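Please open the structure in your viewer and keep the selection tool at hand. The tour below goes from one stop to the next, saying what to select and what is there.

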Amino acid sequence: MELVALQALNFVYISLTLALVALGLAVVFGLLGVMNMAHGEFVMLGAYSVLVVQNAGLPLLAALPLALAVCAAFGWLLEFFVIRHLYRRPFDTLLATWGLAILMREIVEAVFGRDYKSVNQSLPGTVEVLGAVYPAYRVVLMALMVAFFAGLFLWYRRSNTGARIKAMVSNPALATAVGVNTAVLARGAFIFGVCMAGLAGVALAPLVRVEPYMGIDYLLSSFFILVVGGLGSLAGLLVGSTVIGGSDAIVSAITSKTGGYMTVLVISILFLWLRPNGIVSRD
Amino acid sequence: MASSRAINLLFLIGLLLVPFLWDGFVAYQLGLFLLYGMVGQGIGLCWGRAGFLPLGQALFFGVGAYIFGSVLKLEAGSLFLIAGLLAAILLPALIAFVVGFLVFIRQIGSGPYFSLITLALTMLGFQLANSMDWLTGGFNGMTGIPALPGTETYETLYYVIWAALVLVSGVLAYVGTAPFGQSLSATSQNEERLQYFGFNTALLKAIAFAISAAVAGLAGALFAPHQGIVTPQSVGFLLSAEIVVWTAVGGRASLLGPVLGAILIGFMASELRDSFQYWEVLIALVFVIVVIRFPGGLWSLAEDLAHRLPSFGAKGARERDIKIDKSRAKGPVRLAFEDVELVLGPVRILDKLSFRIETPGVHSIIGPNGAGKTSAFNVLTGRLKPTAGRIEYNRAQVGGLSRHRIARMGIARKLQIPSVFPDLSVDRNVDIALWAGDLTLAQMFTLRPFRWSTPLLNEMYDIFPFLEDGRRLAGSLSLGQRQMLDFAMTCLTQSPLLLLDEPCAGLSSSETGEMIDAIERIVGTTGSTAIIIEHDMQVVERLSNHVLVLNQGALLANGAMEEVRSDPAVQAVYGGGSK
Amino acid sequence: MIGSHSLAISKLSGGYGDITVIRDVSLTVEPGKVVFVTGRNGVGKTTLIKLIAGQLAAQSGHIIFGERDMRAEPPHARRAIGIGYAPQESVVFDDLSVRENLTLQYRDRDLARYEALFVSFPRLKERRAQRAGTLSGGEKKILSFCRAVAEDTRLVMLDEPTEGVQPENIERMARHVATEAGKGRGFLVVEQNLGFAERLADHAHVLDHGVCVFDMPGGPGLRARLAEKLAL
């Protein structure tokens, strides 16, 4: 019973964190059609924010505004100088953001060094959940993520901004005709997307190794989640995270980390091939 | 062109002289950069020419290195060595072909998807190399690889590497010039149009990717004796990314630009890496600027400085002295739509559309906007898959087949917006139309198809004299001329069935007159069946006596112009009626 | 809300990319007037409207509204300045509900502004919770028409508003256009339904090959005069 509960908690935890990591790319790629190769680097920026805050001796919660500010600033620069000229040109955005990803990695490497850093957990200790002993930080994180996704879901569904975003995605020409400033809306969505990546980085920092090259794995898993789940809906994001996170966890446990990785890759190629619109397709 | 070739030769000869001008160690260092540069040349083929970017090329480099490294370690006979070398080249090529084909066949514009899959593959390769200790030596790498038999690693191996570079450059130059390379360029400019000419673009791109992987495998094979050790870093993501950077900075669209990039950045890095902390940041910045502002890279900047021509498309005029016979079996075309439906989301675009066309000549489709005219062409040519119903062409079911297969069955299509290949010369555009449906895969790698000619081509030159200035880039033609070139290309395929979607759109009235004459004349000469979508009743009246009227996705009327005109149902949907 | 804003287009040319569809077209819409543009398919009527709405970039000429040239303004700004637009195709947001379609541009998201229109088109009100993509073509046109007419723009452009709409609803549309024009709003309508044109037009233009070939005042007999020019 304990073991089952532990496995279930792990499963939920992995799926939720993956969904949080992929959320930013779901907005930027799924809604705006921009393949942001620097997505993982924004996660990295979030994680380094925690490191900076910790080194400065500040409370770890201060990392949150720092990460959001840094990501928003970077995101604004990127959108203003590069992306806005390249909407609907996926290959060019891929190239430009790929270059930017390299640049961000190299800057972080030059400033912080190449080696692994670790971040202390702000909530040490464990709690008992359903008979299983589980790290407190993870439990709190899971609760926060569930609340966050629920809030986001309701907001996207109910708010006027949500409706305008959906309008822009489904019919950009008509959106401008009814007076929606799609340029500003797209910029806002882009910055929101990269800030969400930074947020994911903050949440993950105490649990993973923080290093300049940590972003690539997150880029790939986010991408696979979108391929499997489908673009453009929160449901697809959660389904994709569950499939990718679940299959990775199960196969990794049976064989090895490499086996899990290979399974994820094969599943993604299969989806690309057999069901290019993913499980939850937009229409 | 000759000048560009001269620069290439000078560059290669200069590389050969390095051991004499400097010393053996510089040449040894240079050898490594040449190997990386070769991988970059393969990326150049994919990225600069075919328009898709592989981000995990080190995977193939590393696989080649591990294979040949382990063969060298066995210290067996030379036959075994050659087999090992072949394996180091062919296995990467096979992996690349399979992955490429699987990804490319599913969708056009799979660009970002392809790049990310290759990135994931190289990450996987890195993990495999790390974890398969028994094969690769794991994290510490495969060590103690002996020198290549017959060479001194710090002396003569350089010449082997140089020879490999010359070989690779020669092969890539040839492949690029041959119909294969020209078709790849066309793919990057307008993949869908090329499919309507019967080209299997997924196959072409997969082959290009396989060639690039083979080159990377060869470079990797030589890397093993050069370094004496192969570590997981050689298959990893970092090396992949670096080679892409070098390729971009050196010049992805040129033959030797990637090599130049690898040499320059390689040497500068070994000088500056330790003394200048922000060196890598600087290189990344240069990459971003090059990608956005100077897609031609350093090589094309150098060429521009020397006032050279761009290296694409401008091949010298060749005599068209090989007459080929493109006239297919004549006989009437039999086309039948039976209850064809097309539903996209909530919209019913074609609603049980049924008609038959069994007589040669020009047939016209008219109807109000949104009647489903272009959609009928789309389901007939494989752009869209019909939701229900049958489309039969000469008794074969075509609904749902891929574009290039339908094109090869003898259906050619001209899109409404003129779709020529703008960065290719007029001659190359014409070539592609002549090759359509007749060029075999083997012929793609020979130069003879550039000499192909047909009687119809001479007639085209007669009708459209501007085509004879074959070295002009198609993109520099006026709209009217592009419309005419596109029409000429569609007809030059000599497909029994020609689909022309508003061939006079955007033409002035005098150009419209020329176009009508041309259509009449060509259809008369070839005996093809043509279906035209047209709004201008005068054009319709001049060209055809069989008119199909579509409305709301179904056939409203069908018959001679006079019958259709007097049909009250037609008058009701057309201007003048009361609705 | 309604000032003396008239639309004056002079020597307007434009199209898709480097393809010119509209050549040197000039026309004016005075406040309170209803101006029709007609012509057979493919002559550039929709292109003309899209140039004015800003959906396509003009190559030359002027689009003067009030006192300003609209050519420099992005489409959403033209809407804010007072040019409303109901397109011919893709007329609603399929993924949104009818209600969202009608209110997404308003902060208050209030349906009250549609009161009068809902009296004429009660189906719309009944279906307000439904996804707009599930409406029929004619219902979508009505939704789009209501959306554009209820906006507080001084000019309303309607591109084939009656396409696929039932005759009794076309009559209701005409009544709303007449009422709004009576309040001083200008209308520019692309239409092939000549009965609708005759009922409403103060002036009508006929396009052919992207050029204005005829223009004539409205009034009785307009339909016959237009039909003659457009004869199949």
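**First stop: a helix of chain A**

In this predicted model, select helix H11 of chain A and colour its buried residues, which are A:Gly260, A:Tyr261, A:Val264, A:Ser268, A:Ile269, A:Phe271 and A:Leu272. Bring in the surroundings, and you will find these buried residues packing against helices H9 (215-229) and H10 (234-254) of chain A, as well as against helices H4 (78-106) and H5 (111-131) of chain B.

**Second stop: the nonpolar core**

Select next A:Ala22, B:Ala219, B:Phe287, B:Leu492, C:Cys146 and C:Met157, the residues with the most contacts inside the largest nonpolar core, which has 345 residues. Helix H9 of chain B (residues 201-227) gives this core its largest share, 18 residues. Now centre on C:Cys146, which, leaving aside residues up to four places away in sequence, touches C:Leu102, C:Tyr114, C:Leu117, C:Phe121 and C:Leu124.

Most residues other than glycine have a negative phi. Select C:Lys11, a residue other than glycine whose phi is positive, near 50°, and which is found in strand S1 (residues 7-16) of chain C. C:Lys11 counts as exposed because it has 12 C-beta neighbours inside 10 Å. Finally, select C:Arg109, also not a glycine, with a positive phi of about 50°, in the loop between helices H3 (98-103) and H4 (115-120) of chain C. With 14 C-beta neighbours inside 10 Å, C:Arg109 counts as partly exposed.

Conventions. Residues numbered from 1 in each chain as written. Chains lettered and ligands numbered in written order. Predicted model: local features only at pLDDT ≥ 70, side-chain atom pairs only at ≥ 80, totals over all residues. Helix = DSSP H or I, 4+ residues; strand = E, 2+ residues; numbered from the N terminus. Buried ≥ 20, exposed ≤ 12 C-beta atoms within 10 Å, placed from the backbone. Contact = placed C-beta atoms within 7 Å. Core = buried A, V, L, I, M, F, W, Y, C linked by C-beta atoms within 7 Å.
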